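Please read it alongside the sequence and the coordinates.

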Amino acid sequence: MRRFAALYRALDGTTKTNAKIAAMEAYFAQAPADDAAWAVFFLRGERPKRLIGSGKLRGWAEALTGLPSWLMLESYASVGDSAETVALLLDQGRQADEASDLSLSRWMSERILPLRDRAEPEQAATVAGWWAELDREQTFVLNKLLTGALRVGVSQGLVVRAIAQASGLEPGVVAHRLMGHWRPTPEAYAQLTAEASGEEDRSRPYPFFLASQLEQPVESLGDPADWLIEWKWDGIRAQVIRRGGEVYVWSRGEELVTDRYPEIRDAAGRLPDGTVLDGEILAWGAEGVLPFAVLQRRIGRDRPGAKILADAPVRFLAYDILEETGRDIRERPMRERRGHLEAITPPVRPIIGLSERVEGEDWTTLAQRREGSRALRVEGLMLKRWDSAYGHGRRRGFWWKWKIAPMTVDAVLVYAQAGSGRRSNLFTDYGFAVWRDDELVPIAKAYSGLDDKEIATLDRWIRGHTQDRFGPVRMVQPHHVFELAFEGINPSNRHKAGLALRFPRIARWRHDKNADEADRLESLHGLIQR
């Protein structure tokens, strides 16, 4: 635990990529396999189901320290994170047992996971005993593990690079072995770092190759004839795998979703064995692609019933083939892979279809076609070099997203909450509202788009203009207007405003506008795709 807490501190304390990789590489070079396996689990963004609620954790700390409830609540409101609040309060005048250095693996298997089956009084006494053993740094990490809120600020790509450097393997090998469900066992870690892969799990997908946002003039890419041009579909990125007589469907989030899409599973059963396709799951009706909101009805339903299958039909549009008759063909050029893909899909259409090519003799013509994307319920164009291999992660220069401009709305800041990690003492998470008659109605939360100077300025203003508090959330004076950018808008019964914005983020701070000049709810409802 001591070693892992030090790794967490090192990762949380820097924004430099090389420093993060170096910290992880050093950890994996020293940690035993059982600890390293759990570290991989957490670094991948996975975490056990919450064992203890945050409020319960604060209550136990309150009883242990003798602090009045109002002071605990004030401390929590100031810090904005229960795990850190408790760690800070317990640290006052307390020295941890320096001899306590139980491994991360034993903490998880012998202490933390078995806690679930104990009664609350025993849980409280047990956790209090653990707190007495640990210093503030380890207490913070323990609290995060108990509440299921441990988030480590590293991408999967950085984790792959660190493990590759520590083990002497190629990053592509590590990335492939990490795909799918990760089991935090020493055996799994040994297989991950072994020189020879041995027999691979036949359900395992390949690492997804990701496109970069096109920021330079499109003309700088040269002749359009050098590029495969497709629509940028707005669905769920997935791989369909047919191996060993079985079918597996994996989302880009490395979730096995085979049974959620039985029509795709059944169609994929007619693919040749040893086939892996990359593509997009889309809601699809008689008129073509349907709004993403229709597809959302299928998300989270492991075995959808007949009504959902009828109301939200889906298709899989394939745009790449990664494995053919059991051969990994990712290193072959896109033009060759596209030929294989065109040859393999006819028997499984229309449920498994082919992402169509978008034709245009020059970039001007293609730009005109791109402008009509929203009417087609797509997000723009994808540009892929005909000579490109299928890599892993995000490698600039080979695949580009040429997206249409996002939708925007001018909204009023009404709520604020402290961030986490290095920003736990700053208000960085914001809630925004628009006008409905004379009332401000919340429409979105956004966490990105401001620079450090703007965040610091806004943080000072929030502290001086708080009108009410709801736990860690502050309601502020409706004064500042921000332009929010978002990718789509759909009706939603879950929100008071009756709509939901997709991927909202702050585009700019509208210093030129007063709160009463913000947009109105009815104008947003007019943008909804039905």
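1. Contact here means heavy atoms within 4.5 Å. With neighbours within four places in sequence left aside, Arg338 is in contact with Leu228, Glu230, Leu354, Ser355, Glu356, Arg357 and Trp386. Arg338 belongs to helix α16 (residues 334-344); helices (H or I, at least four residues) and strands (E, at least two) are DSSP runs, numbered from the N terminus.

2. On the basis of the model: this is a predicted structure, in which local features need pLDDT of at least 70 and side-chain atom pairs count only at pLDDT 80 or more, while totals for chains, interfaces and linings use all residues. Residues are numbered from 1 along each chain as its sequence is written, and side-chain values use heavy atoms, with hydrogens and water left out.

3. Is Arg338 buried or exposed? Arg338 counts as buried because its relative accessible area is 5%; the cut-offs are under 20% for buried, over 50% for exposed, and partly exposed in between (1.4 Å probe, protein chains only). Its side chain makes a polar contact of 3.4 Å with the side chain of Glu230. A polar contact is a pair of N or O atoms within 3.5 Å; within protein, one must be able to donate a hydrogen and the other to accept it, and residues adjacent in sequence count only if both atoms are side-chain atoms.

4. Helix α6 (residues 82-90) is mostly covered, with 8 of its 9 residues buried. These are Ser82, Ala83, Glu84, Thr85, Val86, Ala87, Leu89 and Leu90. They pack against α4 (54-65), α5 (69-79), α8 (120-133) and α9 (136-147). At the start of α6, a side-chain oxygen of Asp81 comes to within 3.1 Å of the backbone nitrogen of Ala83.

5. How do α5 and α6 pack, and at what angle? Their axes lie 9 Å apart at an angle of about 120°; axes are lines fitted to C-alpha atoms, for helices over the stretch in contact, and angles run from 0 to 180 degrees between N-to-C directions. The pair is therefore oblique, given that angles under 35 degrees count as roughly parallel, over 145 as roughly antiparallel, 65 to 115 as roughly perpendicular and the rest as oblique. On the α5 side, Met72, Ser75, Tyr76 and Val79 meet Ser82, Glu84, Thr85, Leu88 and Leu89 of α6. By class, this contact has 5 nonpolar, 3 polar and 1 charged residues (Ala, Val, Leu, Ile, Met, Phe, Trp, Tyr, Cys and Pro count as nonpolar, Asp, Glu, Lys and Arg as charged, and the others, Gly among them, as polar).

6. The axes of α1 (residues 2-12) and α9 come within 9 Å and cross at roughly 85°, so α1 is roughly perpendicular to α9. Arg2, Phe4, Ala5, Ala6, Tyr8 and Arg9 of α1 make the contact with Glu137, Gln138, Phe140 and Val141 of α9. In terms of class, 6 nonpolar, 1 polar and 3 charged residues take part.

7. His480 sits in the loop between β18 (473-476) and β19 (481-486). Its relative accessibility is 14%, so His480 counts as buried. The His480 side chain has polar contacts with the side chains of Trp461, at 3.5 Å, and Trp509, at 3.4 Å. Beyond four places in sequence, His480 is in contact with Ala411, Val412, Leu413, Leu458, Trp461 and Trp509.

8. Ile404, in the loop between β13 (399-403) and β14 (407-418), is buried, with a relative accessible area of 11%. Neighbours within four places in sequence aside, Ile404 is in contact with Arg370, Ser373, Arg374, Val378, Glu379 and Gly380.

9. Most residues other than glycine have a negative phi, and most peptide bonds are trans. The peptide bond from Arg349 to Pro350 is cis, with omega near 5°, and Pro350 is placed in the loop between α16 and β10 (352-354). Thr325 has a positive phi, near 45°; this residue lies in the loop between β8 (314-324) and β9 (327-328) and is exposed at 53% relative accessibility. Asp437 has a positive phi near 55°, lies in the loop between β15 (427-436) and β16 (439-446), and is exposed at 58%.
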